[in-house]
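Student: Could we go through the ring contacts and charge contacts of this protein together, step by step?
Tutor: Gladly; please have the sequence and the structure open while we talk.

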Amino acid sequence: MQVTNEMKDLRELVESYLENEVAPVVGEIDASGEFPEKIYKDILDMGLHLLEVPEEYGGAMVDRKTEVYIAETLGRYDCGLASAIGASNSACSTINLFGTAEQKKQYFDILVSGKLAAFCLTEPNAGSDAASVSTKARLEGDEYVLNGTKCFITNGGIAGVYTVFASTDLSKGTKGLSAFFVERDRPGVSIGKHEDKMGIRLSNTTEVIFDECRIPKDHLIGEEGKGFVYAMKTLDTSRPFVGATGVGLAQRAIDEAVKYSKERVQFGRPIASKQALQFMLADMQIQTEAARQLVYHTAELIDDRKDYSIYSAMSKVMGADTAMKVTCDALQIFGGYGYMKEYPIEKMMRDAKILQIYEGTNQIQRVVISGIMLH
């Protein structure tokens with residue numbers, strides 16, 4: 001993939017901030033679980049949440065290659081921050097793909113004012129099984145009335161607007177699912193449980209509750225009954241972001257392991273001199289580079305408007321699985337020290353796990369991949 005000067009400049013801006021302002025405090029924030037308000041303010045000030053907002057609406061729309069380039073950088077420093085930006089981008093994608101010009105203006109005005117978005121699909125009984133969504137939207141005159149609870153929503157407690165999937169006809173399963181946008185300040189919207197997570201602890205993850213929440217009829221995105229299709233199309237475009245996040249995380253783990261292996265002396269020599277360890281490092285880099293190339297190839301397919309669905313699923317699986325495998329191997333290289341919170345590797349390993357779960361589990365991705373293969 002050809003990296004443009006604009007891509008380099010944006011990445012250098014982001015990386016400089018992350019290196020100087022985030023890296024020194026990320027371990028402390030991870031341990032405390034406190035929401036890092038200043039970091040989020042800085043990220044919003046940089047406009048990282050506007051990468052999927054078109055310029056005519058005040059955004060900084062970039063192509064998919066640039067987006068995954070930034071995702072890799074974010075993943076290198078903290079997967080929680082990457083998740084926050086990725087989730088906001090996903091919510092924007094639905095509006096970009098299926099919204100009207102007026103809907104885009106209403107939606108994107110909220111983001112340009114300094115707010116994130118959130119993608120509300122998952123429910124307590126509807127994870128991989130989207131047909132089990134029980135949040136309902138009933139039409140009353142010129143309004144829809146929403147009732148239901150969404151869970152595990154990234155940015156749930158801090159978003160200014162939500163892309164919400166609710167059923168307009170529960171008897172139709174996925175064909176009864178519809179998509180809406182809902183402003184945070186509407187009566188009937190509240191935040192439930194704040195999740196205490198294993199990893200990505202710099203992200204905000206909550207329940208979002210809709211209780212007789214009334215929204216104008218024009219907040220329906222696209223057509224009734226097309227919500228499942230819209231959700232799947234959205235996730236198709238967003239999965240390379242997850243894969244790229246995994247690549248960035250894996251590369252950071254490799255770099256830390258290389259540095260440590262040169263410094264750690266056992267049996268009178270640095271452990272980097274041991275061939276068994278050298279081969280581990282080589283395999284880690286091979287896997288990470290393969291994942292990187294697949295992610296960027298997928299991004300190019302999206303930008304070139306070519307068929308990319310199978311590549312999107314593969315890039316998500318490859319990036320996530322590589323991050324999990326590489327962080328585990330990096331921790332092994334660190335030995336007992338890697339297991340201690342004094343060193344960064346155990347956090348990386350905890351962060352990596354979610355990449356195999358959200359945006360469609362890697363098992364579901366394999367269903368998608370094999371389904372396309374056998375079609």
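This is a predicted model: local features need pLDDT of at least 70, side-chain atom pairs count only at pLDDT 80 or more; totals for chains, interfaces and linings use all residues.

Student: Which residue lies over the face of Tyr 69?
Tutor: A charge over a ring has to be within 6 Å of the ring centre. Over the face of Tyr 69, at 4.5 Å from the ring centre, lies Arg 11.

Student: How is the aromatic pair of Tyr 144 and Phe 180 arranged, stacked or edge-to-face?
Tutor: A pair of aromatic rings is described by the distance of the centres and the angle of the planes. The centres of Tyr 144 and Phe 180 are 4.9 Å apart, with 65° between the planes. Planes over 60 degrees apart count as edge-to-face, so the pair of Tyr 144 and Phe 180 is edge-to-face.

Student: How many residues apart in sequence are the parts that this pair ties together?
Tutor: Tyr 144 belongs to strand 3 (residues 143-154), while Phe 180 belongs to strand 5 (residues 177-183). The pair therefore ties together parts whose separation in sequence is 36 residues.

Student: Are the rings of Tyr 260 and Phe 334 stacked or edge-to-face?
Tutor: The centres of the two rings lie 4.2 Å apart, and their planes make an angle of 15°. Planes under 30 degrees apart count as stacked, so the pair of Tyr 260 and Phe 334 is stacked.

Student: Is Phe 334 buried or exposed?
Tutor: Buried means under 20% relative accessible area. Phe 334 has a relative accessibility of 4%, so this residue counts as buried.

Student: What is the N to O distance in the salt bridge of Arg 76 and Asp 255?
Tutor: Side chains of opposite charge can pair when their charged atoms come close. Arg 76 lies in helix 4 (residues 64-77) and Asp 255 in helix 7, so the pair ties together parts 179 residues apart in sequence. From N to O, the distance in this salt bridge is 2.9 Å.

Student: In which helix do Arg 292 and Glu 289 both lie?
Tutor: These two residues form a salt bridge whose closest N and O atoms are 2.5 Å apart. Arg 292 and Glu 289 are 3 residues apart, about one turn of the helix, and both lie in helix 8.

Terms used. Residues are numbered from 1 along each chain as its sequence is written. Side-chain values use heavy atoms; hydrogens and water are left out. Rings of Phe, Tyr and Trp (its six-membered ring) pair if their centres lie within 6.5 Å; planes under 30 degrees apart count as stacked, over 60 as edge-to-face and the rest as tilted. Helices (H or I, at least four residues) and strands (E, at least two) are DSSP runs, numbered from the N terminus. Buried means under 20% relative accessible area, exposed over 50%, partly exposed in between (1.4 Å probe, protein chains only). A charge sits over a ring if NZ of Lys or CZ of Arg is within 6 Å of the ring centre and within 35 degrees of the ring normal. A salt bridge is a side-chain nitrogen of Lys or Arg within 4 Å of a carboxyl oxygen of Asp or Glu.
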